[in-house]
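Here are a few exercises to work through with the model open beside you. Try each task before you read its solution.

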Amino acid sequence: MTAIDLRSDTITRPTAAMRQAMADAEVGDDVFGEDPTVRRLEEMAARRLGKPAALLVASGTMGNLVAQLAHCGRGDETILGDQSHVFFYEQGGASALGGIHPRTLPNQPDGTIAIEKIEAAIRPDDVHFPTSRLIILENTHNRCHGTPLSPAYTASVAELAAAHGLKLHIDGARIFNAAGALGVDAAELAAPADSITFCLSKGLAAPVGSLLCGDEPFIRQARRVRKSLGGGMRQAGVIAAAGIVALNEMVDRLAEDHANARALAVGLAEIPGLAIDPLAVATNIVYFQVTTPGLDASTMVARLAAEGVRLLPTAPDQMRAVTNCHVTAEDIQRALAIFHGVMR
């Protein structure tokens, strides 16, 4: 039988409608601003996130890097969570390429950073210190169980940032998952931020691409930064066409992924030797621990793979499963049966 791939929602493949749209896409030179399909996607993205402008980039990592380089100068400081994707998984690009200093603060279990800790981390105007310039939040928060950040929390961080002359960027790779889980519009979650990225290539199932959204002066600067990073794509309409289909057809179905993730979490909680709090699962990301003596996550993942379920080990005793559009409710039940067999 076909393997059930729960490693990530990045493994999604483009739909038939996306493939057709890519084949039919009208294209031009995007660096010259002449690709009509890219322009249409950017206008759609800006409108969906409630921002004046948007920029197509190759990946979420590139979008977050472009945002940091556009907001900050060399020697400036960003304030971000110690479990954030930007800090954990993006190779220190802002430091390596922009000379930007990260100030990490502890993420709470729900993905937030305590407001008082953010305020205490903002540097006074002193020649000994870097200049605090940017606060970065992540919504949903990958390493904190895919938890969505509420509009109220984001607004409180934005208010603090503005009071101290800082900007706020949201790594919103899965912002539409957050919106669906909270029952709000994605624009409401993005409204307090000066900039936000979101991915087309995760739950929305497009093959490649992310959007960086903000006001028009910011996006003009971001476009310059993107070019300096080698991200000025030419006939990028063939990519953008799939992104248009993703925004039109794939956002509302994310609720199915959330339901499947909850079903998986409830089932895993019933298996001896595994530990999970199903109430911690709010979107499509499921973290759980193996508690059987002598069995570690890597061994467990290898055994599951041999039986047709693919996961990622994320710590010696921890694994991650991510539901996506290729995983059905029936697949979840089959995966749980395989878990039971492996644990026996």
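Predicted model: local features only at pLDDT ≥ 70, side-chain atom pairs only at ≥ 80, totals over all residues.

**Exercise 1. Describe the lining of the largest pocket.**

Step 1: Begin with the space itself, which has a volume of about 350 Å³.
Step 2: Look at what surrounds the largest pocket: 23 residues line it, and T10, H85, N142, R174 and K202 are the ones nearest its centre.
Step 3: Sort the lining residues by type, using the definition above.
Step 4: Find the elements involved. Helix 3 (60–71), helix 4 (85–89) and strand 12 (312–315) each contribute at least two residues to this lining.

**Exercise 2. Explain where the largest pocket sits relative to the domains.**

Step 1: Divide the protein chain into its two parts, domain 1 (14–248) and domain 2 (251–341).
Step 2: Check which of them reaches the lining. Both domain 1 and domain 2 give residues to the lining of the largest pocket, so the pocket lies between them.

**Exercise 3. Characterise the contact between the domains.**

Step 1: Take the centres over C-alpha atoms; those of domain 1 and domain 2 are 28 Å apart.
Step 2: Count the residues in contact, with heavy atoms within 4.5 Å as the cut-off. Domain 1 brings 17 residues and domain 2 brings 12.
Step 3: Look for salt bridges between domain 1 and domain 2; the count is zero.

**Exercise 4. Locate two backbone features in loops.**

Step 1: Go to the loop between strand 5 (131–138) and helix 7 (151–163), where T140 lies. The peptide bond leading from N139 to T140 is cis, and its omega is near 0°.
Step 2: Move to the loop between helix 4 and helix 5 (93–98), which holds Q91. Q91 is not a glycine, yet its phi is positive, near 60°.

Methods. Residues numbered from 1 in each chain as written. Heavy atoms only, no water. 1 Å grid on protein atoms, 1.4 Å probe; cavity = no way out; pocket = protein on both sides within 12 Å on 5 of 7 lines; lining within 4 Å. Points joined across faces, edges and corners; volume = space filled by probe spheres on them. Helix = DSSP H or I, 4+ residues; strand = E, 2+ residues; numbered from the N terminus. Domains from an automatic or database assignment. Salt bridge = Lys/Arg side-chain N within 4 Å of Asp/Glu carboxyl O.
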